[in-house]
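Here is a structure to look at.

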Amino acid sequence: MSATSAESRAMQRARESSAMQRARELGAAVLGTTSPNPAVGAVVLAADGTPVGEGATRPPGGPHAEVVALAQAGERARGGTAVVTLEPCAHTGRTGPCADALIAAGIARVVVAVPEPTELAGGGADRLRAAGIEVELGVGQAEAEHGALAPWLTGVREHRPFVVWKVAATLDGRVAADDGTSRWITGEVARAAVHRLRATCDAVVVGSGTALTDDPQLTVRDADGRPSGHQPLRVVVDRRGRVPATARLHDDAAPTLVSRAGTPEALLAELFDRDVRRVLLEGGPTLAAAFLRAGLVDEAVVHLAPSLLGAGASLVGDLGISTMARALSFSIVDLLPLGGDVQIRLRPTRHTGGDQHADGGS
Ligand SMILES: NC(=O)c1ccc[n+]([C@@H]2O[C@H](COP(=O)([O-])OP(=O)(O)OC[C@H]3O[C@@H](n4cnc5c(N)ncnc54)[C@H](OP(=O)(O)O)[C@@H]3O)[C@@H](O)[C@H]2O)c1
């Protein structure tokens, strides 16, 4: 390869990598609106490498990301490159095959992060190659798998929704004071972040204890308290039917499900059947402990306030762990200051913490 062609290849790689980053952002921006379909992002680069089209999966029944990006690019897509977070599908569902749309648009190269894992929609790359299009798979795959595609991939691989556990606590890990008061542990900026997080989910879940103590509304609201954007399904797990019909989560601001599911597994199965792919578990400590013991928390979002209570409910109930070596451990994904509070996003590194389940590692 000559110096000039190596240089232009490096420039092409850099452009495609920043287009892939943009495609991941586009997918993340529609999380919570696409289920049961994946939140895919796509960018179309013209033949000279200029971005000319962007798209993300529209709600079910609407066009896929590639089709939206191609429509924006129009004729400028001819001879260009499509950069997509998930392999374009080759099957006709509610919409036509994306592979065919890329062929028809005259795309010359397709760069994909995650190869299609289902047989039903698979074969897109083969169909593109058969039409003479260059296809590269696995570009930025890990980032895409841990990003907006994670809920859908969890659904494909484990037939259950992805679970994000969110909790707000004081420095000493208290979620409520001794007298039961819990509003507001964190400040306005952190609370606004919770509303944005809710909007990325298909369902928000609490236990009956939280519903009875806090009477939360569990809707997505703006700074003035008005309902805004996508409203996830509100779910209360109330096996003994203790939550009254007058509870705020029964108002008409969003749909509500009262579940009698006996276990987290049964609850997730019930939600999966309703096309829920991303769940926000908002507590409380007893229900969160049940999920953690079952190894059913995929991500934790902890809001820590710089305050101390010294007494009061702890952020998680009994996990059945009696010795340090069995501690449930997490790795930190990122840290974010939120006004006067801090957000820590974590992923479990060892799922099941209970003594009877632990794998014996230290
Ligand atoms: N700061 C925060 O982020 C935050 C968030 C939430 C709550 N809180 C605080 O937490 C306190 C409430 O704590 P909590 O532990 O009582 O609330 P919880 O975890 O919301 O509710 C516990 C109840 O959930 C029901 N449940 C349903 N499925 C369950 C399962 N698989 N395993 C275990 N329980 C299940 C049980 O009642 P049934 O058997 O009757 O179904 C149980 O008594 C309040 O003070 C609240 O303010 C704080």
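Q: What stands opposite Gly-41 in β2?
A: Ala-56 does. Strands here are DSSP E runs of at least two residues, helices are H or I runs of at least four, and both are numbered from the N terminus. The model is predicted: local features need pLDDT of at least 70, side-chain atom pairs count only at pLDDT 80 or more, and totals for chains, interfaces and linings use all residues. Residues are numbered from 1 along each chain as its sequence is written.

Q: What makes β1 and β2 a pair?
A: Two strands pair if DSSP finds at least two bridges between them. Strand β1 (41–45) and β2 have 5 bridges, in the antiparallel sense. So they count as paired.

Q: Why are β2 and β5 called edge strands?
A: Their sheet is open, with 5 strands in the order β2-β1-β3-β4-β5 and mixed pairing. β2 (51–56) and β5 (134–136) each have a single partner strand, so one side of each has no neighbour in the sheet. From one strand to the next, the twist averages 15°.

Q: How do you know how helix α2 runs relative to β2?
A: Axes are lines fitted to C-alpha atoms, for helices over the stretch in contact, and angles between N-to-C directions run from 0 to 180 degrees. Contact means that C-beta atoms, placed from the backbone, lie within 7 Å. Helix α2 (65–73) lies across β1, β2 and β3, at about 145° to β2.

Q: Which strands of the 8-strand sheet are at its edges?
A: The order of this open, mixed sheet is β9-β8-β7-β10-β6-β11-β13-β12. β9 (256–259) and β12 (330–338) are the edge strands, each pairing on one side only. Neighbouring strands are turned by 20° against each other on average, direction ignored.

Q: What makes β7 and β10 partners?
A: β7 (203–207) and β10 (278–281) share 3 bridges in the parallel sense. The cut-off is at least two, so they pair. Ala-203 has Val-279 in β10 as its bridge partner.

Q: How do you know which residues surround the ligand?
A: A residue counts as near if its C-beta atom, placed from the backbone, lies within 6 Å. The shell holds 30 residues, and Gly-207, Gly-209, Gly-283, Gly-284 and Thr-286 are the closest. β6, β7, α8 (208–214) and α10 each give two or more residues. The largest share, 5 residues, is from α8.

Q: How is the shell around the ligand divided by class?
A: Ala, Val, Leu, Ile, Met, Phe, Trp, Tyr, Cys and Pro count as nonpolar; Asp, Glu, Lys and Arg as charged; the others, Gly among them, as polar. The shell has 12 nonpolar, 12 polar and 6 charged residues.

Q: What makes domain 1 and domain 2 separate entries?
A: An automatic or database domain assignment sets the bounds. Domain 1 is 3–152 and domain 2 is 160–348. Their C-alpha centres lie 34 Å apart.

Q: What makes phi of His-159 stand out?
A: Most residues other than glycine have a negative phi, and most peptide bonds are trans. Phi of His-159 is near 50°, a positive value.

Q: Which peptide bonds are cis?
A: Ser-35 to Pro-36 is one of them, with omega about 10°. Arg-183 to Trp-184 is cis too, with omega near -20°.

Methods
Contact = placed C-beta atoms within 7 Å.
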